[in-house]
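Q: Could we go through this model together? I would like to start with its pocket and then turn to its rings.

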Amino acid sequence: MLPAEDLGRLTDEQLLGTRLCDLPLGIEGTHLERRVARLDEELAARGLCFKPHVWLSEEWFSPDEVPGFAIPFYLAHPRLSKLERKQMLEVEGGTEKECLRIMRHEAGHAIDNAFHLYRRRSYRDLFGSPRLPYPNWYKPEPNSRDYVLHLPAWYAQAHPAEDFAETFAVVIAPGSRWRRQYEGWPALRKLKYVDGIIRELAGKSPKNESRDTVDDLSELTTTLGEHYRNKRNYYAFLWPPDYDRDLARIFSPEPRHKSMPSAVSFLRRLRRELCNEVAEGTGVHNYAIDQMLTQMINRSRELKLRAHLTPEHTRQKVPVLLTVQTMNGIHSGYHRIAL
Ligand SMILES: [Zn+2]
(Lines give C-alpha, C1' and ligand atoms only; values in the text may rest on other atoms or scores of the structure.)
Protein backbone atom coordinates (compact mmCIF):
# COMPACT_ATOMS: atom_id res chain seq x y z
CA MET A 1 0.00 0.00 0.00
CA LEU A 2 1.22 3.50 -0.87
CA PRO A 3 1.73 5.97 1.94
CA ALA A 4 -1.26 8.36 1.88
CA GLU A 5 0.89 11.47 1.58
CA ASP A 6 2.41 10.16 -1.69
CA LEU A 7 -0.86 10.08 -3.56
CA GLY A 8 -0.85 13.78 -4.43
CA ARG A 9 2.72 13.59 -5.72
CA LEU A 10 2.35 10.71 -8.18
CA THR A 11 2.28 11.34 -11.93
CA ASP A 12 -0.60 10.01 -14.03
CA GLU A 13 1.69 7.31 -15.37
CA GLN A 14 2.68 6.16 -11.89
CA LEU A 15 -0.96 6.15 -10.80
CA LEU A 16 -2.06 4.14 -13.84
CA GLY A 17 0.49 1.49 -12.93
CA THR A 18 -0.84 1.26 -9.37
CA ARG A 19 -3.22 -1.48 -8.30
CA LEU A 20 -6.59 -0.38 -6.89
CA CYS A 21 -5.93 -2.36 -3.71
CA ASP A 22 -2.74 -0.36 -3.11
CA LEU A 23 -4.48 3.02 -3.06
CA PRO A 24 -4.38 4.48 0.46
CA LEU A 25 -8.03 5.52 0.55
CA GLY A 26 -10.87 5.51 3.04
CA ILE A 27 -14.22 7.18 3.60
CA GLU A 28 -13.62 8.27 7.17
CA GLY A 29 -12.64 11.90 7.57
CA THR A 30 -13.39 12.78 3.91
CA HIS A 31 -16.22 14.83 2.38
CA LEU A 32 -17.78 11.46 1.50
CA GLU A 33 -18.32 10.74 5.18
CA ARG A 34 -20.21 14.03 5.51
CA ARG A 35 -22.30 13.27 2.44
CA VAL A 36 -23.24 9.84 3.79
CA ALA A 37 -24.22 11.54 7.07
CA ARG A 38 -26.44 13.91 5.06
CA LEU A 39 -28.10 10.95 3.36
CA ASP A 40 -28.73 9.33 6.78
CA GLU A 41 -30.30 12.58 7.99
CA GLU A 42 -32.58 12.66 4.98
CA LEU A 43 -33.70 9.09 5.69
CA ALA A 44 -34.16 9.89 9.38
CA ALA A 45 -36.25 12.94 8.45
CA ARG A 46 -38.74 10.48 6.93
CA GLY A 47 -38.72 8.42 10.13
CA LEU A 48 -36.49 5.68 8.74
CA CYS A 49 -33.90 4.32 11.13
CA PHE A 50 -32.32 2.29 8.34
CA LYS A 51 -28.76 3.42 7.48
CA PRO A 52 -27.10 1.79 4.48
CA HIS A 53 -23.46 0.83 4.97
CA VAL A 54 -20.96 2.05 2.39
CA TRP A 55 -17.53 1.05 1.08
CA LEU A 56 -15.14 2.07 -1.70
CA SER A 57 -15.01 0.15 -4.99
CA GLU A 58 -14.61 0.79 -8.73
CA GLU A 59 -18.05 2.23 -9.38
CA TRP A 60 -21.36 3.11 -7.83
CA PHE A 61 -23.44 0.01 -7.21
CA SER A 62 -25.55 -1.84 -4.68
CA PRO A 63 -25.20 -5.64 -4.93
CA ASP A 64 -28.16 -8.02 -4.74
CA GLU A 65 -29.16 -8.88 -1.17
CA VAL A 66 -26.84 -6.29 0.37
CA PRO A 67 -28.44 -3.39 2.31
CA GLY A 68 -25.61 -0.98 1.46
CA PHE A 69 -23.74 0.40 -1.54
CA ALA A 70 -20.29 0.99 -3.04
CA ILE A 71 -18.91 4.46 -3.76
CA PRO A 72 -16.30 4.90 -6.51
CA PHE A 73 -12.77 5.35 -5.18
CA TYR A 74 -12.08 8.46 -7.25
CA LEU A 75 -14.39 10.47 -4.99
CA ALA A 76 -12.25 9.73 -1.93
CA HIS A 77 -9.26 11.89 -2.96
CA PRO A 78 -8.90 15.02 -5.15
CA ARG A 79 -5.89 13.57 -6.98
CA LEU A 80 -8.00 10.63 -8.16
CA SER A 81 -10.94 12.86 -9.10
CA LYS A 82 -8.50 14.76 -11.29
CA LEU A 83 -7.31 11.54 -12.92
CA GLU A 84 -10.92 10.42 -13.44
CA ARG A 85 -11.71 13.68 -15.24
CA LYS A 86 -8.66 13.32 -17.45
CA GLN A 87 -9.45 9.69 -18.31
CA MET A 88 -13.24 9.87 -18.56
CA LEU A 89 -13.89 13.60 -19.12
CA GLU A 90 -16.37 13.75 -16.25
CA VAL A 91 -16.49 12.82 -12.57
CA GLU A 92 -19.78 11.07 -11.86
CA GLY A 93 -20.95 12.29 -8.46
CA GLY A 94 -18.17 14.89 -8.24
CA THR A 95 -20.30 17.70 -6.89
CA GLU A 96 -22.14 17.48 -3.59
CA LYS A 97 -25.47 17.82 -5.35
CA GLU A 98 -24.80 15.08 -7.89
CA CYS A 99 -23.25 12.83 -5.26
CA LEU A 100 -26.36 13.03 -3.10
CA ARG A 101 -28.61 12.36 -6.09
CA ILE A 102 -26.73 9.13 -6.77
CA MET A 103 -26.62 8.22 -3.06
CA ARG A 104 -30.41 8.57 -2.80
CA HIS A 105 -30.71 6.21 -5.75
CA GLU A 106 -28.33 3.70 -4.17
CA ALA A 107 -30.18 4.02 -0.86
CA GLY A 108 -33.28 2.93 -2.81
CA HIS A 109 -31.58 -0.34 -3.75
CA ALA A 110 -30.22 -0.74 -0.23
CA ILE A 111 -33.64 -0.36 1.43
CA ASP A 112 -35.15 -2.67 -1.20
CA ASN A 113 -32.66 -5.34 -0.05
CA ALA A 114 -32.87 -4.45 3.66
CA PHE A 115 -36.64 -5.07 3.84
CA HIS A 116 -36.97 -7.57 0.94
CA LEU A 117 -39.41 -5.19 -0.72
CA TYR A 118 -38.80 -6.79 -4.13
CA ARG A 119 -40.52 -9.95 -2.87
CA ARG A 120 -43.86 -8.18 -2.59
CA ARG A 121 -46.51 -8.91 -5.16
CA SER A 122 -47.54 -5.23 -5.21
CA TYR A 123 -43.95 -4.18 -6.05
CA ARG A 124 -43.79 -6.59 -8.99
CA ASP A 125 -47.20 -5.51 -10.25
CA LEU A 126 -46.11 -1.89 -10.33
CA PHE A 127 -42.44 -1.99 -11.36
CA GLY A 128 -42.14 -5.40 -13.04
CA SER A 129 -40.07 -8.33 -11.86
CA PRO A 130 -36.88 -7.17 -10.14
CA ARG A 131 -35.36 -10.58 -10.71
CA LEU A 132 -35.30 -10.15 -14.47
CA PRO A 133 -31.71 -10.37 -15.67
CA TYR A 134 -30.09 -6.99 -16.29
CA PRO A 135 -29.92 -6.20 -19.98
CA ASN A 136 -26.58 -5.26 -21.54
CA TRP A 137 -28.25 -2.13 -22.79
CA TYR A 138 -31.67 -0.52 -22.81
CA LYS A 139 -33.69 1.61 -25.17
CA PRO A 140 -35.20 4.52 -23.30
CA GLU A 141 -38.40 6.19 -24.44
CA PRO A 142 -37.60 9.86 -23.79
CA ASN A 143 -41.26 10.97 -23.74
CA SER A 144 -42.57 8.26 -21.42
CA ARG A 145 -44.56 9.42 -18.41
CA ASP A 146 -44.53 5.98 -16.80
CA TYR A 147 -41.18 6.67 -15.13
CA VAL A 148 -39.69 9.38 -12.93
CA LEU A 149 -36.82 11.49 -14.21
CA HIS A 150 -33.90 11.58 -11.80
CA LEU A 151 -30.51 10.25 -12.93
CA PRO A 152 -29.50 11.00 -16.54
CA ALA A 153 -30.39 8.95 -19.61
CA TRP A 154 -33.92 8.00 -18.42
CA TYR A 155 -32.29 5.53 -16.11
CA ALA A 156 -35.53 4.41 -14.44
CA GLN A 157 -36.32 2.64 -17.72
CA ALA A 158 -33.25 0.42 -17.50
CA HIS A 159 -34.70 -2.26 -15.18
CA PRO A 160 -37.53 -2.71 -12.61
CA ALA A 161 -35.07 -2.46 -9.70
CA GLU A 162 -33.69 0.78 -11.16
CA ASP A 163 -37.22 2.09 -11.57
CA PHE A 164 -37.83 1.43 -7.87
CA ALA A 165 -34.52 3.05 -6.83
CA GLU A 166 -35.15 6.11 -8.98
CA THR A 167 -38.68 6.49 -7.61
CA PHE A 168 -37.36 6.18 -4.05
CA ALA A 169 -34.73 8.85 -4.76
CA VAL A 170 -37.37 11.29 -5.98
CA VAL A 171 -39.61 10.72 -2.94
CA ILE A 172 -36.81 11.00 -0.38
CA ALA A 173 -35.14 14.15 -1.78
CA PRO A 174 -35.60 17.08 0.63
CA GLY A 175 -38.10 19.61 -0.68
CA SER A 176 -39.22 17.23 -3.43
CA ARG A 177 -42.49 18.40 -4.95
CA TRP A 178 -43.22 15.15 -6.71
CA ARG A 179 -46.98 15.26 -6.16
CA ARG A 180 -47.20 18.42 -8.19
CA GLN A 181 -44.37 17.67 -10.58
CA TYR A 182 -45.78 14.30 -11.64
CA GLU A 183 -49.47 15.21 -11.51
CA GLY A 184 -51.29 13.37 -14.27
CA TRP A 185 -48.34 11.06 -15.00
CA PRO A 186 -48.85 7.28 -14.64
CA ALA A 187 -45.52 7.40 -12.69
CA LEU A 188 -47.43 9.08 -9.84
CA ARG A 189 -48.79 5.67 -8.81
CA LYS A 190 -45.28 4.43 -8.26
CA LEU A 191 -44.35 7.53 -6.28
CA LYS A 192 -47.40 7.16 -4.01
CA TYR A 193 -46.61 3.49 -3.52
CA VAL A 194 -43.02 4.20 -2.47
CA ASP A 195 -44.17 7.03 -0.21
CA GLY A 196 -46.55 4.54 1.46
CA ILE A 197 -43.71 2.06 1.94
CA ILE A 198 -41.53 4.71 3.58
CA ARG A 199 -44.36 5.48 6.04
CA GLU A 200 -44.83 1.81 6.75
CA LEU A 201 -41.13 1.23 7.43
CA ALA A 202 -40.70 4.23 9.73
CA GLY A 203 -39.03 3.13 12.98
CA LYS A 204 -38.63 -0.47 11.79
CA SER A 205 -35.38 -2.44 11.87
CA PRO A 206 -34.28 -4.07 8.60
CA LYS A 207 -34.94 -7.77 8.03
CA ASN A 208 -31.55 -8.06 6.39
CA GLU A 209 -28.83 -6.55 8.61
CA SER A 210 -25.88 -7.96 6.68
CA ARG A 211 -22.79 -5.75 6.49
CA ASP A 212 -21.36 -7.61 3.50
CA THR A 213 -19.36 -5.72 0.92
CA VAL A 214 -18.69 -6.76 -2.67
CA ASP A 215 -15.51 -5.86 -4.59
CA ASP A 216 -14.13 -3.78 -1.77
CA LEU A 217 -11.22 -1.67 -3.02
CA SER A 218 -8.79 -3.67 -0.87
CA GLU A 219 -9.64 -6.82 -2.89
CA LEU A 220 -9.16 -5.37 -6.37
CA THR A 221 -5.83 -6.25 -7.94
CA THR A 222 -6.37 -4.57 -11.33
CA THR A 223 -4.25 -1.51 -12.01
CA LEU A 224 -5.80 1.88 -12.59
CA GLY A 225 -4.59 1.64 -16.19
CA GLU A 226 -6.57 -1.58 -16.76
CA HIS A 227 -9.54 -0.16 -14.92
CA TYR A 228 -9.70 2.85 -17.25
CA ARG A 229 -9.21 0.77 -20.40
CA ASN A 230 -12.21 -1.34 -19.41
CA LYS A 231 -14.27 1.66 -18.44
CA ARG A 232 -13.63 3.42 -21.73
CA ASN A 233 -14.51 0.30 -23.72
CA TYR A 234 -17.71 0.06 -21.77
CA TYR A 235 -18.80 3.54 -22.82
CA ALA A 236 -17.67 3.24 -26.44
CA PHE A 237 -20.40 4.01 -28.89
CA LEU A 238 -21.25 2.64 -32.30
CA TRP A 239 -21.45 5.45 -34.77
CA PRO A 240 -24.72 5.38 -36.75
CA PRO A 241 -24.14 4.53 -40.44
CA ASP A 242 -25.75 7.51 -42.17
CA TYR A 243 -23.74 10.35 -40.74
CA ASP A 244 -21.90 11.35 -43.93
CA ARG A 245 -25.12 12.82 -45.23
CA ASP A 246 -25.65 14.73 -41.98
CA LEU A 247 -22.09 16.01 -41.97
CA ALA A 248 -22.59 17.26 -45.52
CA ARG A 249 -25.40 19.53 -44.29
CA ILE A 250 -22.91 21.46 -42.19
CA PHE A 251 -19.56 21.09 -43.91
CA SER A 252 -18.58 21.02 -47.57
CA PRO A 253 -15.97 18.97 -49.50
CA GLU A 254 -16.14 21.29 -52.52
CA PRO A 255 -12.78 22.67 -53.72
CA ARG A 256 -14.20 26.20 -54.04
CA HIS A 257 -14.39 26.34 -50.20
CA LYS A 258 -10.77 25.38 -49.72
CA SER A 259 -9.87 28.78 -48.24
CA MET A 260 -12.40 28.23 -45.45
CA PRO A 261 -11.36 26.71 -42.07
CA SER A 262 -11.29 22.93 -42.00
CA ALA A 263 -14.09 21.07 -40.22
CA VAL A 264 -11.38 19.30 -38.23
CA SER A 265 -10.01 22.50 -36.70
CA PHE A 266 -13.50 23.86 -36.09
CA LEU A 267 -14.60 20.71 -34.23
CA ARG A 268 -11.35 20.38 -32.33
CA ARG A 269 -11.49 23.93 -31.04
CA LEU A 270 -15.02 23.45 -29.66
CA ARG A 271 -14.55 19.87 -28.57
CA ARG A 272 -14.86 20.28 -24.79
CA GLU A 273 -17.70 22.79 -25.06
CA LEU A 274 -19.69 20.59 -27.44
CA CYS A 275 -19.19 17.50 -25.31
CA ASN A 276 -20.43 19.20 -22.18
CA GLU A 277 -23.38 20.74 -23.95
CA VAL A 278 -24.61 17.51 -25.55
CA ALA A 279 -23.83 15.36 -22.50
CA GLU A 280 -25.91 17.67 -20.35
CA GLY A 281 -28.79 17.78 -22.83
CA THR A 282 -28.99 14.02 -23.42
CA GLY A 283 -27.74 12.58 -20.13
CA VAL A 284 -25.27 10.41 -22.03
CA HIS A 285 -21.79 10.01 -20.58
CA ASN A 286 -19.35 12.70 -21.66
CA TYR A 287 -16.91 10.07 -22.79
CA ALA A 288 -19.44 8.54 -25.19
CA ILE A 289 -20.11 11.95 -26.76
CA ASP A 290 -16.39 12.55 -27.09
CA GLN A 291 -16.11 9.20 -28.91
CA MET A 292 -18.67 10.32 -31.43
CA LEU A 293 -16.98 13.66 -31.85
CA THR A 294 -13.70 11.86 -32.50
CA GLN A 295 -15.33 9.86 -35.25
CA MET A 296 -16.88 13.02 -36.65
CA ILE A 297 -13.45 14.63 -36.71
CA ASN A 298 -11.83 11.61 -38.36
CA ARG A 299 -14.53 11.37 -40.99
CA SER A 300 -14.29 15.11 -41.69
CA ARG A 301 -10.56 14.66 -42.28
CA GLU A 302 -11.14 11.77 -44.69
CA LEU A 303 -13.74 13.71 -46.63
CA LYS A 304 -11.63 16.93 -46.50
CA LEU A 305 -14.59 18.91 -45.22
CA ARG A 306 -14.57 22.68 -44.77
CA ALA A 307 -16.71 24.96 -42.60
CA HIS A 308 -18.24 27.08 -45.36
CA LEU A 309 -21.17 28.52 -43.37
CA THR A 310 -20.74 31.45 -40.96
CA PRO A 311 -19.04 30.36 -37.70
CA GLU A 312 -22.23 31.18 -35.74
CA HIS A 313 -24.36 29.08 -38.06
CA THR A 314 -21.93 26.16 -37.91
CA ARG A 315 -21.74 26.52 -34.13
CA GLN A 316 -25.53 26.19 -33.97
CA LYS A 317 -25.76 23.20 -36.26
CA VAL A 318 -23.04 20.97 -34.83
CA PRO A 319 -24.59 20.33 -31.36
CA VAL A 320 -27.92 19.59 -33.04
CA LEU A 321 -26.28 16.97 -35.26
CA LEU A 322 -24.38 15.52 -32.34
CA THR A 323 -27.56 15.36 -30.23
CA VAL A 324 -29.52 13.67 -33.00
CA GLN A 325 -26.74 11.13 -33.53
CA THR A 326 -26.56 10.50 -29.78
CA MET A 327 -30.30 9.87 -29.62
CA ASN A 328 -30.01 7.49 -32.59
CA GLY A 329 -27.23 5.76 -30.72
CA ILE A 330 -29.43 5.51 -27.65
CA HIS A 331 -32.21 3.94 -29.67
CA SER A 332 -29.94 1.32 -31.06
CA GLY A 333 -29.15 0.48 -27.42
CA TYR A 334 -27.18 2.40 -24.85
CA HIS A 335 -25.58 0.61 -21.98
CA ARG A 336 -25.19 2.79 -18.97
CA ILE A 337 -26.00 -0.12 -16.67
CA ALA A 338 -23.62 0.62 -13.87
CA LEU A 339 -25.54 2.34 -11.14
ZN1 LIG B 1 -29.23 1.51 -9.58
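This is a predicted model: local features need pLDDT of at least 70, side-chain atom pairs count only at pLDDT 80 or more; totals for chains, interfaces and linings use all residues.

The conversation below takes up the pocket, the aromatic rings, the cysteines and the backbone in turn.

Q: What is the volume of the largest pocket?
A: The volume is about 580 Å³. A pocket is an open set of points on a 1 Å grid over the protein atoms alone, where a 1.4 Å probe fits, with protein on both sides within 12 Å along at least five of seven lines. Points are joined across faces, edges and corners, and the volume is the space filled by probe spheres set on them.

Q: Which lining residues are closest to its centre?
A: They are E90, E98, P152, A279 and E280, out of 24 lining residues. A lining residue has an atom within 4 Å of a point.

Q: And which helix gives the largest share of that lining?
A: Helix α12 does, with 5 residues. Both α4 (96–114) and α12 (271–282) supply at least two. Helices here are DSSP runs of H or I with at least four residues, strands are runs of E with at least two, and both are numbered from the N terminus.

Q: How does the lining divide by residue type?
A: It has 7 nonpolar, 9 polar and 8 charged residues. Asp, Glu, Lys and Arg count as charged, Ala, Val, Leu, Ile, Met, Phe, Trp, Tyr, Cys and Pro as nonpolar, and the others, Gly among them, as polar.

Q: Changing topic, how many aromatic pairs are there?
A: The whole structure has 9. Rings of Phe, Tyr and Trp (its six-membered ring) pair if their centres lie within 6.5 Å; planes under 30 degrees apart count as stacked, over 60 as edge-to-face and the rest as tilted. One of the pairs is F50 with F115, edge-to-face at 6.2 Å centre to centre and 75 degrees between the planes.

Q: Why does that pair tie together separate parts?
A: F50 lies in the loop between α2 (31–45) and β1 (53–57) and F115 in the loop between α4 and α5 (121–127), so the pair joins parts 65 residues apart in sequence.

Q: Is F50 buried or exposed?
A: F50 is buried, at 3% relative accessibility, and F115 is buried at 4%. Buried means under 20% relative accessible area, exposed over 50%, and partly exposed in between (1.4 Å probe, protein chains only).

Q: Which residues are linked into a ring cluster?
A: Ring pairs link Y123, F127, F164 and Y193.

Q: Which ring has the charged end of K190 over it?
A: The ring of Y147, with the charged end 4.1 Å from its centre. Likewise, R269 lies over the face of F266, at 5.5 Å from the ring centre. A charge sits over a ring if NZ of Lys or CZ of Arg is within 6 Å of the ring centre and within 35 degrees of the ring normal.

Q: How many disulfides does the search find?
A: It finds 0; a disulfide is a pair of cysteine sulfur atoms within 2.5 Å.

Q: Lastly, what is the phi of E65?
A: Phi of E65 is near 70 degrees, a positive value in a residue other than glycine. Most residues other than glycine have a negative phi. E65 lies in the loop between β1 and β2 (68–72).

Conventions:
Residues are numbered from 1 along each chain as its sequence is written. Side-chain values use heavy atoms; hydrogens and water are left out.
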